Amino acid sequence: MRRYTIGPYGSPWTLDQARLEARKLLGQVAAGVDPMEEKRAGKKDLTVKELTVAYWEAVESHKKQATVSNEKGQTERHILPLLGRMRLRELKKQHVQKFLSDIAAGKTSADVRTKTRGRALVKGGKGAANRTLGLLSSMLSFAVEQKMIAENPALGVKHYKLKKHERYLSSEELERLGNTLREFEKKGANLFAIAAIRFLVLSGCRRNEALGMRWAWIDFERSVISLPDSKTGAKVVLLGKEALNFIKTLPRVHGSPLVFPSAAGGTTQISIQKVWDRVRSAADLDGVRLHDLRHNFASIAVSSGQSLYIVGKLLGHSQSQTTQRYAHLAPDPVHDAANNVAGELAAKLAGKSLGSEIGSPSDGERTDGPYSKYACELNSRVLHFLKRQRVCPRQRVFTSESSGSTKAFLGTLSVTSHGMVIEG
């Protein structure tokens, strides 16, 4: 005896619907038809469109709403137009490869109205092609698990190699951004849109994390935000003093729990992309995305000497590999050592000792006290220490008197071909 499953209990399979279906199946058996074989044959002859319906029925409840929204958009705008009518059993690797190429070439580009005042500009491109290929492959793996097909034809299809987008803001660019934000505030731009952009700069949060942030999630005493959900699940975001103080200055809008509410009120999140586009253009920051503000936060942290572990905690990375993209920004002690050794050797090749590069006090200058002592004892280890402390070129250097109560001017630090030099 074999068992036939009609479907899971619930909509559309209520008890009454299931009883009606059972009577139909019994009628087929009485007529000599095997319902199980019919079901198996139907599974093997599904179209890609029918597969997408079955896939979303099975997995939608297991994915985040934002992910479902994005991937359903990919399904409707790329997968269905290009492959929807094709039979699963006929789908081959070459079809998937062409599918990838067509999206990259923009063959599925469209201007789609999504809401009363909304629209989606579908441009395609290599990035969209790679993401949609990943979704299609997941659907085909699901088909293999459900025994609809024997193997996944998307396996082995190579993604496009994309140039990593790493854009960091210089000090001058950050200053221009700050000035532009203040100008927009004076001109009456949306207060909360400008505030959200400023918060992204100060916190390193992801855009959706910031825009969905609620007052109830902020612990002002501990300087943390407890997010019940995020890209990596529930997490705690640590806020710096300036970011926390900035939040305290924002007004609370009655009827909205959000820190950055929209004009619609309630829990509707504000949209800041159009405001950012105008700010970016006015500040001459072409090519800088909102997400680059998060990268910039990380780059400042790493460059200032914070460990990758600490930076990963600040950003809320669930995997350490994600933070490794910033490793090249970290101070490199091996590189420092190479510079120091090369400096010593270059000085010797030039017939000079490292101390002679520093120079000694000229006639009329003080020859006792800390200046003379420092000039005599300065060596590669001291230079290495200065460099590790990030003493800037042409910076005036002082040291304490023997009493420790006053400071004496040592000279101006500069960089030569032999290394770091203090000139009196």
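The legends below describe close-up views of a predicted model.

Residues are numbered from 1 along each chain as its sequence is written. Because the model is predicted, local features need pLDDT of at least 70 and side-chain atom pairs count only at pLDDT 80 or more, whereas totals for chains, interfaces and linings use all residues; side-chain values use heavy atoms, leaving out hydrogens and water.

**View 1. Overall content of the protein.** The secondary structure comprises 18 helices and eight strands; helices (H or I, at least four residues) and strands (E, at least two) are DSSP runs, numbered from the N terminus. Of the 424 residues, 36% are buried, where buried means under 20% relative accessible area, exposed over 50%, and partly exposed in between (1.4 Å probe, protein chains only). The protein exposes about 26100 Å², with 52% of it supplied by carbon and sulfur atoms; accessible areas come from the Shrake-Rupley method with a 1.4 Å probe, and for residues only the protein chains shown count as cover. Among contacts (heavy atoms within 4.5 Å) between residues at least 6 apart in sequence, 60% join residues at least 24 apart.

**View 2. Helix α8 and its surroundings.** Helix α8 (residues 191-203) has 13 residues and spans 18 Å from its first C-alpha to its last, close to the expected 18 Å; the expected span is 1.5 Å times one less than the number of residues. Ten of the 13 residues of α8 are buried, including F192, I197, R198 and S203. The buried residues of α8 pack against α7 (171-186), α9 (207-211), β4 (224-227), α10 (241-248), α11 (273-282) and α12 (292-303). At the start of α8, a side-chain oxygen of N190 comes to within 2.9 Å of the backbone nitrogen of F192. Just after α8, G204 has a positive phi of about 75°.

**View 3. The largest nonpolar core, around F199.** A nonpolar core is a set of buried Ala, Val, Leu, Ile, Met, Phe, Trp, Tyr and Cys residues joined through side-chain atoms within 4.5 Å. The largest such core has 39 residues, of which F199, F260 and I272 touch the most other members. At least two residues of this core come from each of α7, α8, α9, β4, α10 and α11, and α8 gives the most, with eight. Not counting residues up to four places away in sequence, F199 touches G204, C205, A210, M213, I225, L239, A243, F246, I247 and F260. Apart from this core lies another, of 28 residues, among them V48, I79, L83 and F99.

**View 4. The bend in helix α4.** Helix α4 (residues 65-83) bends by about 35° at T75; the bend is the angle between axes fitted to the seven residues ending there and the seven starting there. T75 is one of the buried residues of α4, which also include E71, G73, Q74 and H78.

View 5. K24 lies in helix α1 (residues 15-30) and counts as exposed because its relative accessibility is 55%. K24 and P35 are eleven residues apart in sequence, and their C-alpha atoms are 9.7 Å apart. S137, in helix α6 (residues 126-145), is buried, with a relative accessible area of 16%. Leaving aside neighbours within four places in sequence, S137 contacts N152, A154 and L155.

**View 6. Loop residues with positive phi.** Most residues other than glycine have a negative phi. S223, in the loop between β3 (218-219) and β4, has a positive phi near 60°. D284, in the loop between α11 and α12, has a positive phi near 55°.

How values were computed:
Polar contact = N/O pair within 3.5 Å; in protein donor to acceptor, adjacent residues only side chain to side chain.
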